[in-house]
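Subject: Structure handover

Hello,

The structure is below, and my notes on it follow. Please read them alongside the coordinates.

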Amino acid sequence: VHCDICRVKSAQQSKRRRITLKSIGLCVSCRGPKKDSRIRCNDCRRKHREKGKAKTKALKAEIIKEYGGCCVCCSEQEPFLLTIDHVKNDGAKHRKEMKDQGGWNFYRWLRKKNYPKDRYQLLCFSCNNGRYLNGGVCPHQETREKETKEHKTYSDGVGSLSFFCFN
């Protein structure tokens with residue numbers, strides 16, 4: 001753990017080292033030769049990309065777990081299909097405030113804010129898009145509400161009969 005002054009000095013030294021290595025044609029990770037103007041050689045770029053993908057995948061799994069593990073509307077559980085939804089339909093405004101830092105940066109922001117549940121929920125992409133296209137209400141919810149209103153229960157004194165009316 002470093003104090004703020006040491007942390008700034010370390011970051012400045014690291015930046016100078018990267019600039020120097022790049023200017024003499026060496027990889028900033030392994031200090032081996034590289035063939036193009038990028039800062040890393042092909043092997044280090046591949047490793048760096050794989051490490052980044054693994055970190056992003058782990059963070060998304062953490063976010064999904066914190067927000068209940070499934071779509072709050074249709075109960076979809078496939079992580080590939082799940083996304084964070086702005087409950088108050090203020091996603092565009094929020095992205096503008098964050099200067100369009102979505103994906104990884106948004107997940108990190110959610111973790112830093114201790115996973116706020118009052119403004120965000122977990123939806124599958126279908127329900128999220130359905131809310132967008134349907135004025136903030138997922139078509140699943142609309143259908144469920146309609147079915148609940150049409151649900152009838154009759155009792156003959158001995159037992160009861162329950163059914164849905166589809167007109």
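Leaving aside its neighbours within four places in sequence, which residues is Ile 84 in contact with? They are Ile 63, Tyr 67, Phe 106, Tyr 107, Leu 110, Tyr 120, Gln 121, Leu 122 and Asn 128, where contact means heavy atoms within 4.5 Å.

On provenance: this is a predicted model, in which local features need pLDDT of at least 70 and side-chain atom pairs count only at pLDDT 80 or more, while totals for chains, interfaces and linings use all residues. Residues are numbered from 1 along each chain as its sequence is written, and side-chain values use heavy atoms, with hydrogens and water left out.

Core

The largest nonpolar core has 19 residues. Such a core is a set of buried Ala, Val, Leu, Ile, Met, Phe, Trp, Tyr and Cys residues joined through side-chain atoms within 4.5 Å; buried means under 20% relative accessible area, exposed over 50%, and partly exposed in between (1.4 Å probe, protein chains only). The members that touch the most others are Ile 63, Tyr 67, Cys 71, Ile 84, Phe 106, Leu 110 and Cys 127. Two or more residues each come from α2 (42-66), β1 (82-86), α4 (104-112) and β2 (120-124). Strand β2 gives the largest share, four residues. Helices (H or I, at least four residues) and strands (E, at least two) are DSSP runs, numbered from the N terminus.

Aromatic rings

Four aromatic pairs turn up in a search of the whole structure. Rings of Phe, Tyr and Trp (its six-membered ring) pair if their centres lie within 6.5 Å; planes under 30 degrees apart count as stacked, over 60 as edge-to-face and the rest as tilted.

- Phe 106 and Trp 109 are stacked, at 6.1 Å centre to centre with 15° between the planes. Both lie in helix α4, three residues apart, about one turn of the helix. Phe 106 is buried at 9% relative accessible area, whereas Trp 109 is partly exposed at 21%.
- Phe 106 and Tyr 120 are edge-to-face, at 5.7 Å and 65°. This pair links distant parts of the chain, helix α4 and strand β2, 14 residues apart. Tyr 120 is buried, at 2%.

Phe 106, Trp 109 and Tyr 120 make up one aromatic cluster.

Charged side chains

Lys 117 lies over the face of Tyr 67, 4.9 Å from the ring centre; the criterion is NZ of Lys or CZ of Arg within 6 Å of the ring centre and within 35 degrees of the ring normal.

Arg 131, in helix α5 (residues 125-133), is buried, with a relative accessible area of 8%. Not counting residues up to four places away in sequence, Arg 131 touches residues including Asp 85, His 86, Gln 121 and Pro 139.

Regards
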